[in-house]
Amino acid sequence: MDMNQYLSMFIDESNDHLQSLNEKMMELEANPEDLSIVQVIFRSAHTLKGMAATMGYEDLASLTHQMENVLDLVRNSKLRMQDFIFDTLFKSLDALESMVENITGGGDGKADVSTIVASLQAIVRGDIPTAGGTSTNDTVSAAAVNATNAPILLDEFQFSVLEQSLQEGHKVMYVEVTIRKDCQLKAVRSYMVFDLLERSGEVVKSFPSVQDIEQEKFDQSFSLYYITQKEAEEIQSMVLNLSEIEKVNAVALDSESLQQLGQETTAATLEAPVQEVPTVSPTQAAPVQSKDEAAKPAVRSGTNSAPSRTIRVDIERLDVLMNLFSELLIDRVRLEQLASEVHNQDLTETVEHMSRVSADLQNIVMKLRMVPVDTVFNRFPRMVRDLAKSLDKKVDLIVTGAETELDRTVIDEIGDPLVHLLRNAVDHGVESIADRIAAGKPETGTINLRAFHSGNHVFIEIEEDGAGISRDKVLKSALKKGVVTSEQAVNMTDSEVYQLLFAPGFSTAAVISDISGRGVGLDVVKSKISSLGGHVTIYSTLGKGTNFSVQLPLTLSIIAAMLIRLGCEKFAIPLSSIVETGIVKQSQIRTIHGNKMLEFRNTHIPLVSLSRIFSIPDYDESNEEETEIVVVRKGERLIALAVQDFIGQNEIVIKNLGKYLPEIQGISGATILGDGQVALIIDPNAFIK
Amino acid sequence: MAEDIKVIVFKLGTEEYGIEVEKVQTIERMMPITRVPKTYSFIKGVINLRGVVIPVIDLRGRFGIEEAEHTDQTRIIIVSVNDIEVGFIVDSANDVIDLNKDSIDTPPDVVGGIKAKYLDGVAKIGEDRLLIMLNLSEVLNKSEIVQLESIEE
């Protein structure tokens, strides 16, 4: 059976399931006792497993299967959800996500998930570590903590072998061997270690496995459980006698420490992958309760509406629909014209009715391209949760207005800038728990993520109740980096100072952390948002928090424009860059250094002759006594464009000029006018250097 | 026995040219063209083809033949090659023929002023009809054309 035709469906549905799994897991983390959520998660995981198995993605299927096993115990009340089960399950979701991503990119979805699978299996077996486990036997935990490898998991059989050996008076040891970095043949060296050990005892289990060690699939060290009659020191010196061995650590175990070590190591395996940023912090050593609190999830609020009934449509089909529709509109205009000439009452009425219907239709066609911002927002709660956890902060994320709709093209682009701003808010905005308490604030910081419509724009705000931006600090840093001069600094308003944060290469973070120091600065965020035709504003109150407000156009494909005429040709100028329009007399135009200039509000701005630049055949403003001008802006700079006539304002649909035409300076695209003619869209930025 | 291909036949002056039918999307009558400034002289501008903006090339201009007045017979052939959609203005287009691939010869060194590299070959139809097969990707190749002037003010 050809699976390709189902592939895109599989990918879409997998992503849906993963998303809902993520959401439900977060929900469950907030109410760990709510078994009904577990049911939903279980069903979702089950469906995912079935789909993956049908499509032949074995790794995906087996991982989901293991997750199912854990969830099955939970929903049957045989296992209580707790912190690290959540962590492991989230880890599994991440692995699943990257596998699906791999499949999306044309890969085979294979991935090494053995560690996660082992963790999940351990949970099913009941090997659940307690957070207070560190306070055990000193020697043993020292050995376990020192273990640079992911330590050994013992199965029941191996465990009983070791235990029995102990009872029979043998010595059981946990041995860790580190080979020197410059060792050429690690496999040979480790074989010699094994050989040596086997002469005076028995190796029960090693990590990595013997096969992996033989194939040099280990880093620098390996560890093993060993039964012997000799003393630990003896073993140590024996192994050290081999060349190129850097370190040997042999710890003799009694039955109690064996048990603990077995669990410790299980715990370590489980914990190791989850803690992306290993920070030594007070909370980690703190008792279970506070750890639970620290892991309090970012809460997702807002409407928890029932899933909407939708179908998936290829965006290209929508484009085709839109093109067909604009054709219909052109015919409509033509029909209206004809009807007005024919003067037939019935025809006129029919045409009028058709006009109304098509206007409604146009509205709907446009709306088809609108997608709720939820599709971008839905990954944020999880991200904020992980981030807060790794930074040892407590953060609640409150999402409102996720149903606000934006054009698909904007949605696709806005994700990355928002991720950056959110990271910024968690990392730099919200203070550490200690600082918050010191400032008399609640331990848990709040980040509000809001989206709402206003006029022809959509606003997305990220507001936290953190420390706020210190004007002085920003200025000091800006002065040091030469972004502003000290004279400029004195007169700057607060918002101007905040805008400095967007200057390239600017960072106020004292320490570049893993979270924010990813090579992208706020300058990238700003340029991305500007390229979408939006902008960012910062409001901040010292000690109270900061608000990044992003303003975006509703859609990229429809803009408001001023239509102008030059001779018999029509052009569109985007309204967003027009400052004002006016008429100037020839006598007001001066020539300065060979350039035409115009006095405009007490300064002189250049007058650009569009007719000359575009070689308009039948118009030249220098023959006119009075000239219409359009003053356009790029940042702070203004210029005036000379035009012949204003036709009027219009909403225009932007079309690109196709791949064949070379880049034409001054033209950013085209649009189709009501009469079916193409008009070019002027890019005023090209005229301002 | 080589396979047959379907070819759209069009005229520039007295010569007959052919384009494989798969590369032709549609053939349109002349329609209003919006001039695009600051581009090559043979690009006549852009048209609105059912909601899609498509650039239009005067094929005479592209081949350096003197351009002619448009008549009732003038057609715009919309072709699509390597994701590029372009319209060719030709003097007339009114024939689709089946052509055996065997009947296409490599182009002679000199053909009616048009550079040989634009041609895929010459097909002989019947006794005295010669059909010039166009190499569309060369026709649409712009690398030989000099850089455009930029805005100077």
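Reply: A word on terms before the packing: contact here means heavy atoms within 4.5 Å. Please keep in mind as well that this is a predicted model.

Me: Fine. Which residues of H17(A) meet H18(A)?

Reply: On the H17(A) side they are Phe380(A), Met383(A), Val384(A), Leu387(A) and Ala388(A), and in H18(A) they meet Gly415(A), Leu418(A), Val419(A), Leu422(A), Arg423(A) and Val426(A). Sorted by class, that contact comprises nine nonpolar residues, one polar residue and one charged residue.

Me: And what's the angle between H17(A) and H18(A)?

Reply: Helix H17, residues 380–390 of chain A, packs against helix H18, residues 408–429 of chain A, at an angle of about 35°, and their axes are 10 Å apart. The crossing of H17(A) past H18(A) is right-handed.

Me: How many residues of H17(A) are buried?

Reply: Nine of its 11 residues are buried, so H17(A) is largely enclosed by the rest of the structure. The buried residues in H17(A) are Phe380(A), Pro381(A), Arg382(A), Met383(A), Val384(A), Arg385(A), Leu387(A), Ala388(A) and Ser390(A).

Me: Let's step back. How many helices and strands are there in chain A?

Reply: Chain A contains 24 helices and 22 strands, and 46% of its 689 residues count as buried. Among the contacts in chain A with a separation of 6 or more, 71% are between residues 24 or more positions apart. The accessible surface of chain A comes to about 34900 Å², and carbon and sulfur atoms account for 51% of that surface.

Me: Is Ala561(A) buried or exposed?

Reply: Its relative accessible area is 1%, and because buried means under 20%, Ala561(A) counts as buried. Leaving aside neighbours within four places in sequence, Ala561(A) is in contact with Ala572(A), Ile573(A), Pro574(A) and Leu575(A), and also with Gly648(A), Gln649(A), Asn650(A) and Ile652(A).

Me: Switching to annotations, what does UniProt list for His46(A)?

Reply: The UniProt entry, which is unreviewed, lists His46(A) as "modified residue: Phosphohistidine". In the model His46(A) is found in helix H2, residues 35–55 of chain A, and at 41% relative accessibility His46(A) counts as partly exposed.

Me: Now chain B. How do its elements run from the N terminus on?

Reply: The order in chain B is β-β-β-β-β-α-β-β-β-β-β-β-α, which corresponds to two helices and 11 strands. Of the 153 residues of chain B, 47% count as buried, and its accessible surface comes to about 7800 Å², with 45% belonging to carbon and sulfur atoms. For chain B, residues 24 or more positions apart account for 56% of the contacts with a separation of 6 or more.

Terms used:
Residues numbered from 1 in each chain as written. Chains lettered and ligands numbered in written order. Predicted model: local features only at pLDDT ≥ 70, side-chain atom pairs only at ≥ 80, totals over all residues. Heavy atoms only, no water. Helix = DSSP H or I, 4+ residues; strand = E, 2+ residues; numbered from the N terminus. Buried < 20%, exposed > 50% of the residue type's maximum accessible area, 1.4 Å probe, protein only. Areas by Shrake-Rupley, 256 points an atom, 1.4 Å probe, with all protein chains shown as cover. Axes fitted to C-alpha atoms, helices over the stretch in contact; angles between N-to-C directions. Left-handed = near helix turned anticlockwise from the far one by under 90°. Nonpolar A, V, L, I, M, F, W, Y, C, P; charged D, E, K, R; others polar. UniProt positions renumbered as here; feature names shortened; annotations may be inferred.
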